[in-house]
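Q: I would like to learn how to read a structure like this one, feature by feature. Could we go through it together?

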Amino acid sequence: MTRRRFVGATGGVAAAIALQQASAMTPGGLRLAIVGTGDRGILDWGSSIVQSFQGRVRLVGLCDINGLRAKAARELLGIDAPTFTEFDAMVAQTKPESVLITTIDATHWRYVVRALELGVDVIVEKPLCTDEQQCQRILEAQKKSGRRITVAFNARHEAGASRVKQLLTEQAVGGIVSIEAHEYLNTTHGADYFRRWHHLKENSGTLLCHKASHHFDLVNWWLESRPVEVSAWGELSFYGRNNPFRGTHCRSCPHKGKCAFAWDINKNDAYRKLYVECESEDGYLRDGCVWREDTNIYDTMSVRVRYANGVILTFTVDTYLPYEGLSFSFNGTAGRLDMHDFGAAGYRNQELRLTRGGSSQVLPERTGRAAGEHVDADLSTQELVFGPQSGPDPLHMRADVAAGALSSLTGIAAYRSIERGGAPVKIDDLVRL
Ligand SMILES: NC(=O)c1ccc[n+]([C@@H]2O[C@H](COP(=O)([O-])OP(=O)(O)OC[C@H]3O[C@@H](n4cnc5c(N)ncnc54)[C@H](O)[C@@H]3O)[C@@H](O)[C@H]2O)c1
């Protein structure tokens, strides 16, 4: 979606924001540096900044632990910003006003804390952090520095999510008592987490942090409450050790002729440039085997969360399904609201259904997972993140450090509970908030 189409589609509020931005703009635009020049940093954020935010955001530096990837990123973006492998050197030389952190999850905290110490505002991808110590360090650094941390929760910007927020704010089904939620990941999207760095808990904090932090954030935002206690079970029942054969990565694998998960990374030009041609620097294999025996995250997860306002969430994530989707149902004192979007070839269940007072109706709005929705949500997120922080935000879409911390802590509490055989974990026992 182009910026023009975006402004047209979202109407008055976005136009008003754009006008304010124009007047608040510094010459050349916001000086932004990116650390983490992989898929998300470059192919989503970087390319969008170059295409849609010219004059409003200026990329002044690119940093990655893999210097070849930082250079490949610069080439892909077609910009002349200098590249670095040292974050401090990048900040010292390029003097950014903000840094965008799109490194692997378990490293976010290092750059958040360091950027704050260096007096730079932070925009960070979810999850904010992957364990309780990281969370504590971030909260303390933020308090000391007074700089701004924005967590880029693009899932808040999906059409269905913001419509639900509106309906719950209007008390469309009365007070919420409980929520049922399910994320369905298929053998393409779901499997990809087991190919990449995410397959190790020490990198991703499991999919309960990496992926579910989106959904835990949505619930906090929808309910305007905070999680208190979490219990969970998780298993690795499909990927990892659950196969008779395995290799290191697809390209060199002797089993690729018979493996349903064989994947040719070289078919994707950008991935070849960003990953294959940069392997000599760090040995990272983007097409890692989904059957690796050291995989220590879960592919099957079941979580219960109790919130400060008494609401109970029941949430599952499964990663090897024949279809993709998401389903949320809100049980209220005056009715039930269902948001479903899932389906396979020839079948799609995509609806927002409001049931109350003896009638059940499908609302005309999209539920938010239609093709291209991720791109729209990203652009909407970027419009908000790069816009003036005092601009209108009627649905409270902006996500601060507390939102980042509470959503990550829900995932952290869930995997701690799994480690403890399903015993409940209190959020207040993890960090001093
Ligand atoms: N909101 C969303 O929809 C969404 C989607 C995808 C990814 N993400 C997030 O974006 C981030 C990046 O994910 P990705 O898919 O681009 O992964 P990626 O592997 O493509 O990129 C990560 C980059 O970080 C670099 N890196 C790793 N350790 C580093 C360190 N210590 N210092 C500097 N650089 C380091 C890697 O070399 C790599 O270039 C993750 O936090 C992920 O959760 C968010």
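A: Gladly! Let us begin with a term we will need: a salt bridge is a side-chain nitrogen of Lys or Arg within 4 Å of a carboxyl oxygen of Asp or Glu. Please keep in mind that this is a predicted model.

Q: Which side chain meets Arg416 in a salt bridge?

A: The general idea comes before the case. Side chains of opposite charge can pair when their charged atoms come close. Here the partner of Arg416 is Glu132, with a distance of 2.8 Å from N to O. The structure holds 32 salt bridges, and three salt bridges are counted between domain 1 and domain 2.

Q: Where do Asp44 and Arg40 lie, and how many residues apart are they?

A: Both are in helix α2, four residues apart, about one turn of the helix.

Q: What are the bounds of domain 1 and domain 2?

A: The domain assignment gives 3–155 for domain 1 and 156–239 + 295–429 for domain 2. Their C-alpha centres are 24 Å apart. To the contact, domain 1 contributes 39 residues and domain 2 contributes 42 residues.

Q: How should I read the area buried between domain 1 and domain 2?

A: The size of an interface is often given as the accessible area lost when the parts come together. For domain 1 and domain 2 the buried area is about 3600 Å², and carbon and sulfur atoms give 65% of that area.

Q: Which residues are the closest to the ligand?

A: The ligand is surrounded by 25 residues, and the closest are Asp64, Arg69, Asp105, Tyr111 and Tyr275. For Arg40, a backbone N or O atom lies 2.7 Å from an oxygen atom of the ligand. For Arg69, a side-chain N or O atom is 2.7 Å from a ligand oxygen. His108 places a polar side-chain atom 2.8 Å from an oxygen atom of the ligand.

Q: What is the peptide bond from Lys126 to Pro127, cis or trans?

A: Most residues other than glycine have a negative phi, and most peptide bonds are trans. The bond from Lys126 to Pro127 is cis, with omega near -15°. Pro127 sits in the loop between β5 (121–125) and α6.

Q: And what about the phi of Lys95?

A: Lys95 has a positive phi of about 45°, although this residue is not a glycine. Lys95 is located in the loop between α4 (87–94) and β4 (98–101).

Note on methods. Residues are numbered from 1 along each chain as its sequence is written. This is a predicted model: local features need pLDDT of at least 70, side-chain atom pairs count only at pLDDT 80 or more; totals for chains, interfaces and linings use all residues. Side-chain values use heavy atoms; hydrogens and water are left out. Domain bounds come from an automatic or database domain assignment. Contact means heavy atoms within 4.5 Å. Buried area is the accessible area (1.4 Å probe) that two parts lose on being put together, summed over both. A residue is near a molecule or strand if one of its heavy atoms lies within 4 Å of it. A polar contact is a pair of N or O atoms within 3.5 Å; within protein, one must be able to donate a hydrogen and the other to accept it, and residues adjacent in sequence count only if both atoms are side-chain atoms. Helices (H or I, at least four residues) and strands (E, at least two) are DSSP runs, numbered from the N terminus.
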